[in-house]
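Please have the chain open while reading.

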Amino acid sequence: MQGLVIKSTGSWYQVHAENGLDYDCRIKGKFRIQGIQTTNPVAVGDRVEFELEPNSDNGIINKLYDRRNYIIRKSINLSKQAQIIAANMDQAFLVVTLASPRTSLGFIDRFLATAEAYDIPAMLIFNKLDLFHEEGLEILAEYQGIYENIGYPCYSVSALKGTNIPLIESLLKDKTTLFSGHSGVGKSSLINALLPGHSIKTGEISGSSDKGQHTTTFAEMHALPFGGYLIDTPGIRELGIFDIRPEELGHYFREMRDLMHQCKFNNCRHVNEPGCAVIKAVESGEIELSRYESYLSIYHGNETRA
């Protein structure tokens, strides 16, 4: 039988089969040694082939179909391994908050570079609009300006108040969309607002660390009532860049990619070379300094940047 992986708990996968039924499946060991070393050989969004075990309603996945794309991150504790967050999506939404908890510009840039590397259209959803005072709205406009100027759509919402939820619905309609972000950014509350009658557990923000508590513990795909699918993923504390070589990194920063052909040297690293068009653009303000700092951080192999 063939089907779509709609839920992953690490060792078991729920597969929605072509007959309309869902089956709990596990994988054969050979998947663990194929291709890249990942902690999860099969991910939500994958199309698979499986067969039922004898005298059982459970299945064994024996074939993984080619992926159109995927989002991957390096396992921070297992530097040589990676985790595939989800596969075969039409677009990716990064849910962002300016406070409680704060999403860093470095984290945003890592996510966007990863999406760019795998050719996945990405946009930013700024949540918790109901908490913003005048100063917060100014910072929000500044953040949004950074990313809208380089072509990433930005939207402001309040999952709590329902502000701009119909707008988000229109963006999701008939598409498969990944929702990602730090724990505590209100991802679960936002999904609950988009899926009436569907209750996903929401968590509190830790007062001591201003970090969200993990409430989604595994990736899961939800069918949307107005058409399309939404992939909910566990909150990500860190996003380690995986499988992007330093010399190709600049291609995944849109504003840098547009200027590369103007550099004096063909193999310019955009770090300290004379005649570098990218550095010149940073100095003139054409490229945002925060974006360039993120580029340098990733280029030099730093796992995080505030």
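The sections below go from the whole chain to single residues.

## Model and conventions

This is a predicted model, in which local features need pLDDT of at least 70 and side-chain atom pairs count only at pLDDT 80 or more, while totals for chains, interfaces and linings use all residues. Residues are numbered from 1 along each chain as its sequence is written, and side-chain values use heavy atoms, with hydrogens and water left out.

## Overall composition

The secondary structure consists of seven helices and 13 strands, where helices (H or I, at least four residues) and strands (E, at least two) are DSSP runs numbered from the N terminus. Of the 306 residues, 52% count as buried; buried means under 20% relative accessible area, exposed over 50% and partly exposed in between, with a 1.4 Å probe and protein chains only. Among contacts (heavy atoms within 4.5 Å) with a separation of 6 or more, 64% join residues 24 or more positions apart.

## Helices α1 and α7

Two packed helices are described by the angle between their axes and the distance between the axes. For α1 (residues 105-117) and α7 (residues 289-299), the axes come within 9 Å and cross at roughly 70 degrees, which makes α1 roughly perpendicular to α7. Axes here are lines fitted to C-alpha atoms, for helices over the stretch in contact, with angles running from 0 to 180 degrees between N-to-C directions; angles under 35 degrees count as roughly parallel, over 145 as roughly antiparallel, 65 to 115 as roughly perpendicular and the rest as oblique.

The contact is formed by Leu 105, Gly 106, Asp 109, Arg 110 and Leu 112 on α1, together with Ser 290, Arg 291, Ser 294, Ser 297 and Ile 298 on α7. By class, these residues comprise three nonpolar, four polar and three charged, where Ala, Val, Leu, Ile, Met, Phe, Trp, Tyr, Cys and Pro count as nonpolar, Asp, Glu, Lys and Arg as charged, and the others, Gly among them, as polar.

## Helices α3 and α4

The axes of α3 (residues 165-172) and α4 (residues 187-194) come within 10 Å and cross at roughly 80 degrees, and the two helices are therefore roughly perpendicular to each other. Ile 165, Ile 168, Glu 169 and Leu 172 of α3 meet Leu 190, Ala 193 and Leu 194 of α4, a contact with six nonpolar, no polar and one charged residues.

In α4, the buried residues are Lys 187, Ser 188, Leu 190, Ile 191 and Leu 194. Viewed down the helix axis, they fall within an arc of 160 degrees, so they line one face of α4; the arc is that of the directions from the helix axis to the C-beta atoms. These buried residues pack against α3 and against the strands β8 (91-96), β9 (122-126), β11 (176-180) and β13 (229-232).

## Ala 86 in strand β7

Ala 86 belongs to strand β7 (residues 78-87) and counts as buried because its relative accessibility is 0%. Leaving aside neighbours within four places in sequence, Ala 86 is in contact with Ala 43, Val 44, Tyr 70, Ile 71, Leu 178 and Ile 231.

## Positive phi angles

Most residues other than glycine have a negative phi. Asp 119, in the loop between α1 and β9, has a positive phi of about 60 degrees although it is not a glycine, and with a relative accessible area of 67% it is exposed. Asn 164, in the loop between β10 (154-156) and α3, has a positive phi of about 65 degrees, again without being a glycine, and at 34% relative accessibility Asn 164 counts as partly exposed.
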